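Let us walk through a protein together, step by step. Have the sequence and the 3D view ready, and look for each residue as it comes up.

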Amino acid sequence: LLGIVVFLKASPAPARNLYESGSTYVDLGATFKNLFTGNRYYEIPFVEDRTKVSDYMRGRVMLDMGSAEILALEVHYQHWAFINPPETPLALTGALAVGDTVSLYRYTRLGWTLEETDDFLWVHEFDRLAATISVRNLDFTFGRQAITWGTGRFWQPTDLFSPFGPLQVDREFKAGNDAARLVCALGDFTQAEFVWAFGRDADPDRSAGVGKFKTLFKNFDISILGGWVQTDIVGGGDFAGDLGSSGIQIHGEVLFNHVKDSSDYLDFLVGMDYRFPGKGPYLLGEYYYYGAGATSAEGLNQVLSDNRILSRGTLLLGQHSLGLGASYELLPILMGMFNVLVNLTDPSAILNPVLEYSIADNAAATVGCTIPLGEAPTFVLSPGGLALSDARLNSEYGAYPFTFFIEVRFYL
C-alpha cells in the first residue's frame, strides 16, 4: 500500500509526563492502531477465492526517561496481531507491504509468539530499547533504535537502516535496529555520525558500518556517507533545500554500490515539491534510477530473486521509476491525497487515492485504495504444484492486487 502519510508529517504520539524535576523526566505514551485491508487478486490457478480480507492490530507502549541531559532511555514495547495474515509468495499476495517496517539489523529477536495458527498470528516484542549518553558535543546511543537517513519521500536509497517502502500504510514508527551510534556535533549546522548496526549474532555479512558527514551550505543540507553494508561497499550522499525564493524545494540522493560477487550499480534519486500559499495544494514529484533494476518486463523475475530485496529493503523492481503526489486540505479535519507510482520500463503504475479524517485530538482514521495498472503475472503449472517460481511477472505493478484499506489510530 502506498505510504499514505508521504505528504503529512506523522503526528508524534502524545506522551504523558509522569515525573519531572529539573532536567530529570519520565514520559509515558501509548498507541493503538487497527488496519483492515481487502484485496482482490487476478486469476491464479487453483485459487478459487480471489478476495482476501485481513486485519492488522498493533498496540504500543512508549517509555522515555532522561536525567541531567546526560543519560536518556527509550523503550517501546508492542503487541501486534494479524487476523488472516497474507501469505508470503508473490503468486498469492503480490508485494503487499501492510505491516510496519521490517527491521534489517537485529542481533537477537527480543520478540515472542503468543499464538500462531493458519489464520491468526499474535506476537509481542521490544521494538525500541536503547540508552543514550551525552557528553559535551557527543551523543552515544546503544541498543535497539530507529535511524533515519535520506531526503527522499517515496524512496530513500541512502537510508540504509530499514527504510520506509513507498507501499507502506503507516509511517509513524520505523522499526528499531540493534546498533551503536555516535553523533559528534562539529558546529551549529555540522555533524559527523557513525553507525555500526548488528545483524544476527553480529555476523559481519549481516551487519553494517557506515559514517556520515552532514552540513549546511547556502541553505542546502548536504550529506556525504560511506562504509559497508553487509557484503557491499557503499558511498554517496544526499541534499535538500529551497530553490531560491521560488518556494520550490528540491532534494536528491545518490549511492554507489560495490557488490561482492556481482555487478556494481548506482542508485540516483531527484525530486521537487511545492506547497501553494495559504491552504493551497501540495505537489511532489520524484524520479528514481535503480541501477540493479530490470530494464524490461523480461528481467523482473531476475530482480525479484535478488536477495537484496529482503536484505537491503529495496522494494523496487524496475530501473526507472516515477513518483507523483498531491495533497489538499478539503476541510480543517479532512485531508485528501492522491499518489501515483510508475515503472517507466514495463510500463505499469499504481494509483492511490486517500482520505484522512481527524476524529479527535487523539484519534484519526484513514480510508483509501490502491489501483494497479499493468499486465498481471502469467502462471506456469508444474508437476510439483504452484510456487513462486511458477509466476512470470509481466509488469511490476500489475502483480499487485486491487486493495481497499481503512486504518484507525488512537493515542493515549
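In which strand is Ile224 found? Ile224 belongs to strand 11, which covers residues 220-229. Before going on, please keep in mind that this is a predicted model, where local features need pLDDT of at least 70, side-chain atom pairs count only at pLDDT 80 or more, and totals for chains, interfaces and linings use all residues. Residues are numbered from 1 along each chain as its sequence is written, and side-chain values use heavy atoms, with hydrogens and water left out.

Back to Ile224. Its relative accessible area is 54%, so Ile224 is exposed (exposed means over 50% relative accessible area, buried under 20%, and partly exposed in between, with a 1.4 Å probe and protein chains only). Setting aside neighbours within four places in sequence, Ile224 is in contact with Gly211, Lys212, Phe213, Gly236 and Gly237 (contact means heavy atoms within 4.5 Å). Ile224 and Gly236 are 12 residues apart in sequence, and their C-alpha atoms are 5.9 Å apart.

Now take in the whole protein. It has three helices and 22 strands (these are DSSP runs, H or I of at least four residues for helices and E of at least two for strands, numbered from the N terminus). Of its 412 residues, 48% count as buried. Among contacts between residues at least 6 apart in sequence, 58% join residues at least 24 apart.

Next come the charges. Side chains of opposite charge can pair when their charged atoms come close. The structure holds 18 salt bridges (a side-chain nitrogen of Lys or Arg within 4 Å of a carboxyl oxygen of Asp or Glu). In one of them, the side chains of Asp273 and Arg153 meet at 3.2 Å, N to O. This pair links distant parts of the chain, with Asp273 in strand 14 (residues 265-275) and Arg153 in the loop between strand 7 (138-145) and strand 8 (177-185), 120 residues apart. Asp273 is buried at 4% relative accessibility, whereas Arg153 is partly exposed at 22%.

Glu286 is buried yet has no salt bridge, and the nearest side chain of opposite charge, Arg153, is 5.2 Å away (Lys and Arg count as positive, Asp and Glu as negative, and His and the chain ends are not counted). What does the side chain of Glu286 reach at 2.6 Å? It is the backbone nitrogen of Arg153.

Last, look at the rings. There are 18 aromatic pairs in the structure (rings of Phe, Tyr and Trp, using the six-membered ring of Trp, pair if their centres lie within 6.5 Å; planes under 30 degrees apart count as stacked, over 60 as edge-to-face and the rest as tilted). Tyr41 and Tyr42 make an edge-to-face pair, 6.4 Å centre to centre with 90° between the planes. Both Tyr41 and Tyr42 are buried. Tyr42 also pairs with Phe379: the ring centres are 6.3 Å apart and the planes are at 35°, so this pair is tilted. Tyr42 lies in the loop between strand 2 (24-40) and strand 3 (51-67) and Phe379 in strand 20 (residues 378-379), so the pair ties together parts that are 337 residues apart in sequence. Elsewhere, Phe154, Trp155, Tyr265, Tyr288 and Tyr290 form one aromatic cluster.

Notes:
A polar contact is a pair of N or O atoms within 3.5 Å; within protein, one must be able to donate a hydrogen and the other to accept it, and residues adjacent in sequence count only if both atoms are side-chain atoms.
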